[in-house]
Amino acid sequence: MKRTVLVTGGAGFIGSNFVLMLAAQRPDWNIVNLDALTYAGNLENLKSLEGRPSHVFVHGDITRPEDVNRAFDAAKRFGGPVSVVHFAAESHVDRSILSGLPFVQTNVVGTQILLDASRAVGVERFVHVSTDEVYGSLGATGFFTEDTPIQSNSPYSSSKAASDLLVRAAIHTHHFPACITRCSNNYGPYQFPEKLIPLMIANASEDKSLPVYGDGMNVRDWLYVVDHCEAILAVLEKGRLGEVYNIGGHNEHPNIFIVKRILAGLGKPESLIHYVKDRPGHDRRYAIDAGKIERELGWRPRYSFEQALPLTIRWYQENSDWLARVRNGAYRAYYASQYAAR
Ligand code: NAD
Ligand code: TYD
């Protein structure tokens with residue numbers, strides 16, 4: 001079926017991977033891409049779509065109703081039903097520790113504005129892209145299921161949890177046709193080099209030190225971004241309305257293991273590793289039980305970590321110009337504020 005999808009945050013890491021995947025796998029669909037182009041948004045990611053009439057970029061902010069309406073007007077011009085996939089967010093925990101307010105503005109207020117506009121338009125379906133971090137932190141055993149209580153710990157995860165609850169309220173109160181996805185940590189092309197994997201690849205490539213927080217034994221459950229995008233597409237096409245779907249690949253590793261694998265992949269010495277002061281409130285372990293999406297929608301990750309980490313390292317090596325351009329003055333100022341005193 002031909003569809004029009006309004007993607008928010010489609011110039012960011014996961015959003016741009018999703019837009020590129022849709023353009024390749026659903027070439028008859030129309031895409032309207034609403035993005036404020038914050039430090040994390042980069043139109044260069046979408047260069048291959050330039051001149052394609054079925055992809056319309058709208059430069060706008062989800063906290064401004066007039067910008068959201070402009071995006072819906074562009075979607076309506078294609079005719080037919082409109083669905084929404086909502087990625088736009090402030091997404092980095094360390095930044096949320098420095099200042100929580102932008103997270104409340106975009107993640108909470110922006111989501112409510114998008115929900116209100118989506119209801120007014122009568123969207124066919126709304127996929128809210130959330131995170132496993134809303135469940136808080138696990139001990140040494142166990143997994144997050146969709147029934148795990150929300151116990152978010154950082155300003156980032158708490159703002160995402162608030163947005164999840166606003167989507168839930170729209171579903172419950174207004175019979176709004178939405179699904180919520182909660183995925184574990186992603187890695188892959190176009191990830192901004194403030195997150196663990198691209199930051200370590202970028203630093204190691206330049207023989208700079210690799211700042212590992214605390215004892216390096218915090219565990220994350222890593223999923224290749226292409227697998228996450230395919231899961232979101234499955235929820236968009238087949239998810240049961242009103243449901244939450246966890247997404248993850250049973251690929252848990254302590255941070256120090258990841259860092260050493262990156263060093264080995266680049267042929268760099270472990271002497272580059274520097275243990276630094278821990279992140280305040282650092283969640284110890286995330287691990288996802290993705291049984292529900294596997295059983296109901298038949299989704300499974302296609303990439304193993306052994307395949308996809310080398311692909312990711314190679315992508316950053318082959319796109320060193322992209323990396324140099326995103327690591328501009330603003331990024332360097334952030335890096336100094338984050339790491340100088342550690
Ligand atoms: P990102 O920071 O790379 O990209 C966010 C995008 O949203 C950017 O293009 C930015 O310009 C845009 N944006 C920010 N504020 C906006 C606003 N007010 N209006 C319009 N656009 C705005 O983030 P990401 O890593 O691609 O994450 C995308 C979504 O997936 C987020 O909602 C995040 O919570 C969720 N998520 C991320 C991960 C991960 O590992 N990165 C894992 C699970 C869930
Ligand atoms: P990050 O990529 O920021 O994702 P999140 O905090 O949302 O899980 O961090 C992943 C893990 O890596 C987390 O346990 C914090 C750790 N980390 C470091 O040890 N050093 C770093 O420089 C960064 C950015 C993260």
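The model is predicted, so local features need pLDDT of at least 70 and side-chain atom pairs count only at pLDDT 80 or more, whereas totals for chains, interfaces and linings use all residues. Residues are numbered from 1 along each chain as its sequence is written, chains are lettered from A and ligands numbered from 1 in the order in which they are written, and side-chain values use heavy atoms, with hydrogens and water left out.

**H6 with H10**

- The crossing of H6 and H10 is right-handed, meaning that the near helix is turned clockwise from the far one by less than a right angle.
- On the H6 side, Ile197, Pro198 and Ile201 meet Leu309, Thr312, Ile313 and Tyr316 of H10, where contact means heavy atoms within 4.5 Å.
- Sorted by class, this contact of H6 with H10 has 6 nonpolar residues, 1 polar residue and no charged residues (nonpolar: Ala, Val, Leu, Ile, Met, Phe, Trp, Tyr, Cys and Pro; charged: Asp, Glu, Lys and Arg; polar: the others, Gly among them).

**H6 with H8**

- Helix H6, residues 196-205, and helix H8, residues 255-266, have axes that come within 10 Å and cross at roughly 40 degrees; such helices are DSSP runs of H or I with at least four residues, numbered from the N terminus.
- H6 and H8 are therefore oblique to each other, and their crossing is right-handed.
- To this contact H6 brings Leu196, Ile197, Met200, Ile201, Ala204 and Ser205, while H8 brings Asn255, Ile258, Val259, Ile262, Leu263 and Leu266.
- The contact of H6 with H8 has, by class, 10 nonpolar and 2 polar residues, and no charged residues.

**H8 with H10**

- The axes of H8 and helix H10, which spans residues 305-318, come within 11 Å and cross at roughly 60 degrees.
- That angle makes H8 oblique to H10, and the crossing of these two helices is right-handed.
- By class, the contact of H8 with H10 has 7 nonpolar, 2 polar and 2 charged residues.

Notes: Axes fitted to C-alpha atoms, helices over the stretch in contact; angles between N-to-C directions. Parallel < 35°, antiparallel > 145°, perpendicular 65-115°, else oblique.
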